[in-house]
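Notes below, in the order I looked things up.

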Amino acid sequence: MTLERRCLDDWLAEMPGPALAALLRDAHFGVAVMRDDGTLLAVNSPFAQIVGRDAADLGGHPWAQCAIAEERHGVRQWLRQFRRGERLHLNMDQRVTDAAGATRWVRLTVRRAHGDLLLVVAHAVGDAVVAQDALRRSEERLRLAIDATGAGWWDWDLRADIVDYSEPFERLLHYTGDDFHRDFRFRDRLHAQDRERCLRAVDTALQEGVEFDEIYRLCCFDGRYRWFRGRGRTYRGADGRPERFVGLLFDWQAHHEQEARLRRSERRMAHLARHDPLTQLPNRLHWDERLQAAIALARRQHGRLAVLMLDLDRFKWVNDGLGHEVGDALLRDMALRLRQRLRQSDVLARWGGDEFTILLDPIDTPDDAARVARALLEIAGQPWEAPDGQSLTVGASIGIALYPEHGHDAESLLRSADAALYAVKAQGRGGFRFNTEELNQQAHRGLLIESRLRRAVQTGAFHLVYQPQWCMASGRLTGAEALLRWTDPVLGGIPPDTFIPIAEACGLMPALGDWVLAQACATLRQWRAAGWHDAEMAVNVSPRQLADEAFFRRLTGHLERHAIPPAALELEVTESTLMDSGPQPERIVGAVKALGMRVVVDDFGVGHSSLALLKRLAMDGLKIDRSFVRDLVDDEDDRQICTAILAMAKHLRLRVVAEGVETEAHWRLLRDMGCDRWQGYWRDGQPQPADAVLARALAH
């Protein structure tokens, strides 16, 4: 559009008030009229002289083109503010270039006249070339120093409300447009979580003069938030009012990421120090801290809590039979299962191996702990699928101690829960028990028995007795079962069901079991040499013996040393032993049978009975547990159970021995059912020395 060529007088005539127009027309200072888009419409001669240009050339010329390049964006900024009505006047110093290209300082006063017209009054500030050159050189050195840091600077003229930004500032925010000042709004690009804090810090720096130093996120022009550090300072004028706010912007993304990695590393180290690396559950250190705090709170509030110790029942054969990697996978999965059943306030920790501790905090009654224990047992007993697809079931045992009933500190509660757990495992596992004073006494006695038991193994303070076995049809004495006995000089006679579980738990059974085999084979050789040529011997085998790779080698050595035919030796293994020996009991039983010996399932019906297991392992026989024989005469259910067992055994061609025969009535009922052999206290069939059994056999 071609601008209308009008003189300054004509434009001034449109100004409101003739006195103002006359004053401006005759002024010796520079006067100009421009539109709020920055176009100069007319100037007087002093204005042209001040800016060093011809008045005719300025008409229709954009004022921004008169400013030096570094300040043109500032001109466009305050012009936009006038157009939007955001300001009505402006006072500022600006550098312009004259017709020869030299730089001049001009002090401008700009005010809204009317409509879209702005009235501009200009004064020459003065040349001061030397001072300005010195300032320029200083600014260049400062700019080089700033550029070396990679920082961008800003300079906010508070009185003119114009912000100047360096090119590195634009690059830090990944700007690619053509007008950074138009497109950048500091407040709008601040991250929502940093905005209030950061703006408050700016306000504090302006009002109180403190240094601005904040780390915050800005939304860059590529749409991504990045971390920056801004450092600024407020400069005040002669009147003490804030005049400029100048600062530097640093790229802080790498620093933030490094600090975040360091914090994660520190958290990880702290986590590892207090958690089990396999299951990520709290370890003993963390558990003890939580338990101590819970006890202290319960003491103040007169509350109650429970400590549970949980032990997986058949974890060892998973670890030994399938490998530690599978065992580790089982522990990780079990930890997840147990944790899901507990409340957020409860604490589940790995105590070590396959043992876990649980803090139930708070509880109202012991029934609360019992309900949780039942739920945990159900969870632990659910089938678990190994990485190779094999389905396994382990189960668990739990001991429970209550605060304050069973202890007032962490150590006593843990000791009480452990005593209760020990009692559960001694009774066959797969359940839970509360701690009682009786259990505590049993635990102390168990420790004493273990100590004496170790001494007895070293000194050989054991002996065997033999319980005769009879043929049901002929009444002939066919052999005997070797039974281990121990009489301690301090404790007296200790029942086998007391000391054998302790020997199992403390790892003494392999040595004891090997001693029993050696003694039984020696006795069997003596019997046969004395004339009892078809004598047979039954020996119980423990889970630890079957898990010992050297067991079969030692067994073969005993047979050869005593010249015992393998068929004369019978190994009795409980159902739980077969289950605990590993996922492939076929291999274990098969190796024994390959020697020519018979393998019999002991205590059949009271463990994890599995008909498929009997068939798959090709067992030679089974023994009906005495619990089914005891009430055989009066209990119809027991008679039906024995009838079913014998019918099944006959179908599978298994030889059946009935234990616990104490009366003739027992004997007659079992004989009529088709039982093959029996043993018990009837007809003086109690366990007795080897020579007594031999004499009885020879007498018959």
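Before I talk about bridge partners, a working rule: I call two strands paired if DSSP finds at least two bridges between them. Also for the record, this is a predicted model.

**Entry 1: the whole chain**

I started with the totals. The secondary structure of the protein chain comes to 28 helices and 26 strands. The chain has 700 residues, and 47% of them count as buried. I also checked how far apart in sequence the contacting residues sit: taking contacts between residues at least 6 apart, 59% join residues at least 24 apart.

**Entry 2: the antiparallel sheet**

Next I traced an open sheet of five strands, and its order reads E7-E6-E10-E9-E8. The pairing is antiparallel. Which strands are at the edges? I found E7 (162-165) and E8 there, each pairing on one side only. From one strand to the next, the twist averages 25°.

Then I looked for what packs on this sheet. Helix H10 (residues 192-208) does, and it touches E6 (152-157), E8, E9 and E10 (242-251). I read about 145° between the direction of H10 and that of E8.

**Entry 3: E8 and its partner**

I zoomed in on E8 (residues 212-219). Is this strand mostly covered or mostly open? Mostly covered: six of its eight residues are buried. E8 runs antiparallel to E9 (residues 225-236), and eight bridges join the two.

I picked out two of the bridge pairs. Glu 214 has Gly 230 in E9 as its bridge partner. Arg 217 has Trp 227 in E9. The hairpin of E8 and E9 has five residues between the strands, and there I noted Gly 223 with a positive phi near 90°.

**Entry 4: the mixed sheet**

I moved on to another open sheet of five strands, in the order E12-E13-E11-E16-E17. Here the pairing is mixed. E12 (347-352) and E17 (432-434) stand at the edges with a single partner strand each, so one side of each has no neighbour in the sheet. Neighbouring strands are turned by 20° against each other on average, direction ignored.

Inside the sheet I followed E11 (residues 305-312) and E16 (residues 396-403). They run antiparallel and are joined by eight bridges. As an example of who faces whom, Val 307 stands opposite Ala 401 in E16.

Two helices that pack on this sheet went into my notes. Helix H14 (residues 324-341) touches E11, E12 and E13 (355-360), and its direction makes about 155° with that of E12. Helix H16 (residues 410-426) touches E11, E12, E13, E16 and E17, and its direction makes about 145° with that of E16.

**Entry 5: a residue in H16**

I clicked on Ala 419, which lies in helix H16. How exposed or buried is Ala 419? Its relative accessible area is 5%, and the cut-off for buried is under 20%, so Ala 419 counts as buried. I also checked Ala 419 against Gly 399, which is 20 residues away along the chain: their C-alpha atoms are separated by 7.2 Å.

**Entry 6: H12 against H16**

For helix pairs I went after two numbers, because two packed helices are described by the angle between their axes and the distance between the axes. Helix H12 (residues 284-301) and H16 pack at an angle of about 110°, with their axes 10 Å apart. That makes H12 roughly perpendicular to H16.

Which residues meet here? From H12 I listed Trp 287, Asp 288, Leu 291, Gln 292 and Ile 295; from H16, Ala 410, Leu 413 and Leu 414. By type, this contact has six nonpolar residues, one polar and one charged.

**Entry 7: H19 against H21**

Last pair. The axes of helix H19 (residues 509-529) and helix H21 (residues 551-561) come within 9 Å and cross at roughly 20°. That makes H19 roughly parallel to H21. I logged the crossing as right-handed.

On the H19 side, the contact is made by Asp 514, Leu 517, Ala 518, Cys 521 and Arg 525. On the H21 side I have Phe 551, Arg 554, Leu 555, His 558 and Arg 561. The residues of this contact divide into five nonpolar, one polar and four charged.

How values were computed:
Residues numbered from 1 in each chain as written. Predicted model: local features only at pLDDT ≥ 70, side-chain atom pairs only at ≥ 80, totals over all residues. Heavy atoms only, no water. Axes fitted to C-alpha atoms, helices over the stretch in contact; angles between N-to-C directions. Helix = DSSP H or I, 4+ residues; strand = E, 2+ residues; numbered from the N terminus. Parallel < 35°, antiparallel > 145°, perpendicular 65-115°, else oblique. Left-handed = near helix turned anticlockwise from the far one by under 90°. Contact = heavy atoms within 4.5 Å. Nonpolar A, V, L, I, M, F, W, Y, C, P; charged D, E, K, R; others polar. Buried < 20%, exposed > 50% of the residue type's maximum accessible area, 1.4 Å probe, protein only.
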